[in-house]
Amino acid sequence: MTAAAPLLQVRGLCKRFGGLHAVSDLDLDVRAGEVLGVIGPNGAGKTTTFNMIAGAFEPTSGDIVFDGESLAGVPTHGFAPRGIVRTFQHNKSFDSLSVCENVMVGMHTRMPASLWQVLAGTPASHRAEREARRRAEELVDFVGLAEFAQAEVSTLSFGQGRLLEIARGLAARPRLMLFDEPAAGLAPGECARLEEIIRGISRQGIAVLLIEHDVRFLMALADRVAVLNFGRKIADGTPEAVQADPAVIEAYLGNVENLAHA
Amino acid sequence: MKTVLSYLAAAVALSAIAFLLGAYQTDVYRKLLLWIALAISYNFLFGISGQIAFSHFSFYGIGAYTIVILITQAGLPLPLAVLATVAVCVALALVVAIPATRLEGFYLALATLAFAQLFIVVLNEGGSITGGTGGLASYRLPEILGVRVAGPWYTVVIVVLMLATLAIVGRLDRSWFGRACRAVRDNPEAAAAMGVNVRRTKIIAYTITSALAGVAGMVYAFVDNTVNPHIFGLENAFLLLFMVIVGGSGRMAGAILGAVLLYVMPFVLSPLIGHHHALVFGIFMVLAVLFQPRGLIGLWDRWQRRRRQPPAPRPQIAKGEAVKREGLA
């Protein structure tokens with residue numbers, strides 16, 4: 001590992017819902033260009049952790065530091081301009097906009113023309129609009145939806161909708177991209193395509209954090225894997241090391257020795 | 001350049017009409033243009049930004065009353081009075097929007113309905129300032145540099161107002177701001193994740209459209225040369241809503257179509273069925289909501305699509321529509 005501080009540092013993160021400790025004392029690091037996978041059985045606190053890092057939930061305690069800046073108190077819409085962008089497990093598209101325009105919403109915080117320039121119809125605002133459309137078409141092409149660029153979102157399949165989510169996220173020029181169970185609901189062929197796209201994103205130097213149910217998909221993709229159980233991290237390491245970890249095996253399969261004696 | 005030319009052509013054509021009309025027709029034509037202007041800005045607020053607000057027509061009234069009061073009672077010269085009226089509309093819109101945009105759907109509708117009612121109460125109880133139930137009358141448009149704009153030339157002012165509203169709202173619609181408004185309406189959670197400040201977007205949309213309604217009201221004040229509480233009641237606020245829904249909310253052409261249709265309808269129907277034309281309104285509304293949520297412009301779109309590629313089946317689109325229809329059923 002390089003000496004540079006990780007891009008994302010999660011320290012002592014806790015989230016309580018009433019008496020339930022959904023996440024307790026969690027530490028995570030993600031470096032630029034690294035793919036961190038977070039797995040865990042149902043109810044392990046993956047989604048809660050994800051939502052805190054994405055800015056949708058406020059942590060009960062602990063800190064999330066991104067590029068040296070604490071994100072405590074930053075509103076949800078403050079995450080994208082800082083370079084943190086997410087996808088949704090259940091695709092959340094903007095249905096009254098075309099595929100291309102959905103991607104252009106991703107550029108919201110990067111649009112150079114002010115509202116005044118828009119109202120005045122200045123050449124700069126027209127140029128910005130043309131440039132945004134051109135980039136959106138590139139991104140739509142990158143995820144393989146070029147033929148649908150001008151189509152309504154309702155004409156996309158679920159898997160294509162997931163790809164649109166990714167293109168929209170990339171439009172924000174993220175430095176950290178968060179994937180919420182990206183493989184959920186996809187056909188095997190679509191999974192392979194998704195894997196390729198996420199690798200491509202990581203190669204561009206973008207840090208990737210993904211939570212996933214599909215262990216096989218995640219192990220193939222992640223540089224490092226963190227395992228959660230009952231809101232705590234029980235393992236953190238390379239996919240191989242984690243798969244061999246007795247604590248992980250126990251969390252997933254129950255106590256194997258007890259099983260053998262039964 | 002092409003858009004500038006088409007706006008110029010529209011301005012010339014619509015202004016030319018003004019010089020051909022008699023007194024009664026001029027009155028109808030002016031009000032039609034004003035309804036179109038209102039429907040265009042309300043379409044952005046309701047159809048694109050998705051805010052179910054009933055305050056739009058009240059801002060029309062606020063604009064009308066404010067300019068009359070500033071000119072006749074405060075004695076401001078016209079240009080200053082115009083600027084001050086815009087400022088009043090923007091300020092009031094912010095006062096309403098900042099708390100109201102915390103509310104959604106039904107609750108925003110209730111809050112703005114309350115505001116609309118309050119406005120009527122203030123007009124009725126305003127004493128000599130608002131003229132009470134009788135309103136304000138017997139004032140005239142002041143002269144500018146010794147010239148009083150009147151007759152067909154005042155109709156030209158209204159044409160310019162309508163086209164300027166169309167240009168402003170059209171620019172907003174086709175910009176990042178219009179996309180942000182639609183994104184907030186379609187899915188606020190995803191919009192926020194993309195960096196859209198949901199509340200701020202709603203407040204700006206509300207303020208700009210309300211100010212546009214105020215400016216239209218300002219122009220209206222010198223059409224009838226009288227303003228009274230009766231004009232700015234809820235009846236017309238609902239008519240505005242119907243115009244946008246029947247025409248096709250979210251689409252500029254739909255709003256214009258709805259405004260023309262619902263404004264002209266009583267003139268055509270009244271001689272035939274008298275006051276029952278209100279019933280036809282209601283039937284139109286119910287039909288639109290039940291069978292054509294995209295309004296008349298949605299019918300037009302579908303017809304265009306069919307004409308462009310006649311028999312070739314488009315399975316993916318057909319599937320999407322089938323799902324939508326099932327969802328409605």
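Helices (H or I, at least four residues) and strands (E, at least two) are DSSP runs, numbered from the N terminus. The model described here is predicted; local features need pLDDT of at least 70, side-chain atom pairs count only at pLDDT 80 or more, and totals for chains, interfaces and linings use all residues. Residues are numbered from 1 along each chain as its sequence is written, while chains are lettered from A and ligands numbered from 1 in the order in which they are written.

Chain A contains 11 helices and 10 strands. Its radius of gyration is 20 Å, close to the 18 Å that the globule rule gives for 262 residues, so chain A is as compact as a globular protein of that length. The radius is taken over C-alpha atoms, and the globule rule is 2.2 Å times the number of residues to the power 0.38. The C-alpha trace of chain A spans about 75 × 40 × 40 Å along its principal axes. Of the 262 residues in chain A, 44% are buried. A residue is buried if 20 or more other C-beta atoms lie within 10 Å of its own, exposed if 12 or fewer, and partly exposed in between, with C-beta atoms placed from the backbone. Residues at least 24 apart account for 68% of the chain A contacts between residues at least 6 apart in sequence. Two residues are in contact if their C-beta atoms, placed from the backbone, lie within 7 Å.

Chain A is divided into domain 1 (1-83 + 175-262) and domain 2 (92-173). These bounds come from an automatic or database domain assignment. The centres of the two domains, taken over C-alpha atoms, are 28 Å apart. Domain 1 of chain A gives 10 residues to the contact, and domain 2 of chain A gives nine residues. On the domain 1 side, helix 2 (79-82) and helix 7 (188-203) of chain A are the elements that give two or more residues. Helix 7 of chain A gives the most, with three residues. By class, this side of domain 1 has seven nonpolar, one polar and two charged residues. Ala, Val, Leu, Ile, Met, Phe, Trp, Tyr, Cys and Pro count as nonpolar, Asp, Glu, Lys and Arg as charged, and the others, Gly among them, as polar.

Most residues other than glycine have a negative phi. A:Glu181 has a positive phi of about 45° although it is not a glycine. A:Glu181 lies in the loop between strand 7 (176-180) and helix 7 of chain A. It counts as buried, with 22 C-beta neighbours inside 10 Å. A:Phe230, also not a glycine, has a positive phi of about 50°. This residue sits in the loop between strand 9 (224-229) and strand 10 (232-237) of chain A. A:Phe230 is partly exposed, with 15 other C-beta atoms within 10 Å.

Chain B has 15 helices and two strands. Along the principal axes, its C-alpha atoms fill a box of roughly 65 × 45 × 45 Å. Buried residues make up 42% of chain B.

Helix 4 (residues 78-100) and helix 10 (residues 198-224) of chain B have axes that come within 8 Å and cross at roughly 145°. Axes are lines fitted to C-alpha atoms, for helices over the stretch in contact, and angles run from 0 to 180 degrees between N-to-C directions. Their contact includes B:Val86, B:Cys89 and B:Val90 of helix 4 and B:Tyr206, B:Ser210 and B:Gly214 of helix 10. By class, it has 13 nonpolar, four polar and no charged residues. The axes of helix 8 and helix 10 of chain B come within 10 Å and cross at roughly 120°. Here B:Ala180, B:Cys181 and B:Val184 in helix 8 meet B:Val198, B:Thr201, B:Lys202 and B:Ala205 in helix 10.

The contact between the chains takes 26 residues from chain B and 29 residues from chain A. Helix 8 of chain B gives the largest share of the chain B side, seven residues. That side divides into 13 nonpolar, seven polar and six charged residues.
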